[in-house]
Amino acid sequence: MNVKNINESRLLNRMEQMAEIGAVNESGVHRLSLTDEDKEARDLVKTWMLEAGLDVDIDKIGNMYGRRKGKTDNAPVAFGSHLDTVGYGGRFDGSLGVMAALEVMETLNDLNFTTNIPLCMVNFTNEEGARFAPDMMGSMVVAAETSVEKAWNATDLKKSNTILKEELERIGYLGNTNPVLFRPAAFVELHIEQGPVLDKEQITIGIVESVQGIYWTRFVITGEANHAGTTPMELRKDAGYVASQIAAYCRQLAGKYSGLRTTAGLIELEPNLINVIAGKATISIDIRCPDKQILEKAEIQLEKFTYECSYGENCEIKIRPLTRVDPVIFEIRVVSSITNSARSLGYTTKKMVSGAGHDAQLMAGVCPAAMIFIPSKNGISHNVKEYSSPDDCIAGTNVLLNTVISLSGRQF
Ligand SMILES: [Zn+2]
């Protein structure tokens, strides 16, 4: 493989300029979706895309596309990420993938290189879901997993009279193109790992083969509030006791299956007083795994346990599924293109599972897709302290460049 390299200083300078939009607390960024800051970031990328000679297009949910012609008119190889951040987030999450995509286009211009099939860079709307729910909204609409009308009606999580469609219009990013018409030949996303593995193992490139599935379930247990001193142990209907048993069981479940992660992150007791038996308890469980069968097995076992435990304490239990996102297995041809590119460039690599959700997992329902990860220092992200080194950002972008070149010469 005849490897190509990007223009390092152009990439780093532009990343720096982008990080100034919504800058907070020294190195952080606060750039919620469809705010004035998001508009400024979008405008800057649009200017750069036009300067790079790309055909810029905006769809009905505000996703931005920058197309570069190929020798044929076939469906393009697409790549990109998102420019929005969580509140008080970092400068790398999402932004790196968009800046790298732009740099790939610029490098190909510098090399006078015309790919066989066209290329298309993307900035997806509202990946973070920090201002409007759900997250990964732009790619979800592209994947037809939700309708554009439903997404338009989303309201600001803090100001319920602010509607997403009006915000798109206000900042000038309500386009005309139908998102479901975006059907690329393949999709690649470069992103920071947001976990500690690559940093800890001193590996430069993560080759993401799958994204774990996420099941959220809420259990509401109703017992009877009563006096802590006068109620005999055998006559109690202690909803708090049941909730704590569920929390402990969920931790044990994770030990039974490889790859399973379980968290009892939310427990609320009523009345929540030191000398009163809890009459009501709400516990929400987050279970994740790259293997759907394990997720389903764990869910059934957890339910069975919660019933047994509640009835054993003479409590009632109501189970409400909240989120069901199945695991995504990325496409082998895209994964191997990334692997070959990273190895030809001489970078250390590791195959991995993404612990967080990304636009690429929605795109995997549309076309062959996969992801490239670079290390996050100490695994910190969604935090102003988020950091990835310039060398790693450059390495990731070089891998993206060579992956795109290789994919653009393939048949899908
Ligand atoms: Zn992200």
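1. Between domain 1 and domain 2 the count is one residue pair in polar contact, with both residues at pLDDT 80 or more; a polar contact is a pair of N or O atoms within 3.5 Å, where within protein one must be able to donate a hydrogen and the other to accept it, and residues adjacent in sequence count only if both atoms are side-chain atoms. The model is predicted, so local features need pLDDT of at least 70 and side-chain atom pairs count only at pLDDT 80 or more, while totals for chains, interfaces and linings use all residues. Residues are numbered from 1 along each chain as its sequence is written, and side-chain values use heavy atoms, with hydrogens and water left out.

2. Domain 1 comprises 8-212 + 327-407 and domain 2 comprises 213-325, the bounds coming from an automatic or database domain assignment. Their C-alpha centres lie 37 Å apart.

3. The two domains bury about 620 Å² between them, 57% of it on carbon and sulfur atoms, buried area being the accessible area (1.4 Å probe) that two parts lose on being put together, summed over both. On the domain 1 side, Gln212, Pro327 and Gly355 lose the most area to domain 2, together 78% of what that side buries.

4. The zinc ion is coordinated by His82 (NE2), Asp93 (OD) and His191 (NE2) at 2.0 to 2.2 Å; donors are N, O and S atoms within 2.8 Å of the metal (3.2 Å for Na, K and Ca), and sites may look incomplete because water is not among the atoms.
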